[in-house]
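Hi everyone, thanks for coming.

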Amino acid sequence: MPDRPEIVCICGSTRFVDEMSAANRDLTFAGVIVVAPGVFLRAEDHEADELITNEQKTALDALHLRKIDLADRVLVVNPGGYIGESTSREIAYAHATGKPISFTDPSSRA
């Protein structure tokens, strides 16, 4: 028996904030420690003064890779099989670091 709960990193497009929140809730109720994106701003959803800068996006992307480092496995939230560019990079990173990866929609894998 492990001395700590499993740690899962949620990855996926931030357009799926509701689906990520549901996955986070379900995993948490199952006794899992969840690490996930902390910022869900998208350009098409907000006024110009609320957008994140390119520097902030770069920093958030790097931070999410560190979250993958902390995790025992990765869960990709990909309704309809959608996997965008950032998520593809995260999947490649997780593969390169030997993390097991699962998908909420396993019919379409990167």
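Before I start on helix packing, a word on the terms: axes here are lines fitted to C-alpha atoms, for helices over the stretch in contact, and angles run from 0 to 180 degrees between N-to-C directions. Please also keep in mind that this is a predicted model.

With that in hand, look at helix H2, residues 54-70, and helix H3: their axes are 10 Å apart, and the packing angle is about 35°. The crossing of H2 and H3 is right-handed. Who meets whom there? On the H2 side we find Lys 57, Asp 61, His 64, Leu 65, Arg 66, Ile 68 and Asp 69, and on the H3 side Ser 86, Arg 89, Glu 90, Tyr 93 and Ala 94. Sorted by class, this contact of H2 with H3 has 6 charged, 4 nonpolar and 2 polar residues.

Now to the rings. How many aromatic pairs does the structure hold? There is 1. Phe 16 and Tyr 82 form it, edge-to-face, with 70° between the planes and 6.0 Å centre to centre. Phe 16 sits in the loop between strand S1 (7-12) and helix H1 (17-29), while Tyr 82 sits in the loop between strand S3 (73-77) and helix H3 (85-96), so the pair ties together parts 66 residues apart in sequence.

Are the two partners buried or exposed? Phe 16 is buried, at 11% relative accessible area, whereas Tyr 82 is partly exposed, at 35%. Tyr 82 has another neighbour to point out: Arg 15 lies over the face of its ring, 4.4 Å from the ring centre.

That's my tour, and I'm happy to take questions!

Notes
Residues numbered from 1 in each chain as written. Predicted model: local features only at pLDDT ≥ 70, side-chain atom pairs only at ≥ 80, totals over all residues. Heavy atoms only, no water. Phe/Tyr/Trp six-rings, centres within 6.5 Å; stacked < 30°, edge-to-face > 60°. Helix = DSSP H or I, 4+ residues; strand = E, 2+ residues; numbered from the N terminus. Buried < 20%, exposed > 50% of the residue type's maximum accessible area, 1.4 Å probe, protein only. Lys NZ or Arg CZ within 6 Å of the ring centre and 35° of its normal. Left-handed = near helix turned anticlockwise from the far one by under 90°. Contact = heavy atoms within 4.5 Å. Nonpolar A, V, L, I, M, F, W, Y, C, P; charged D, E, K, R; others polar.
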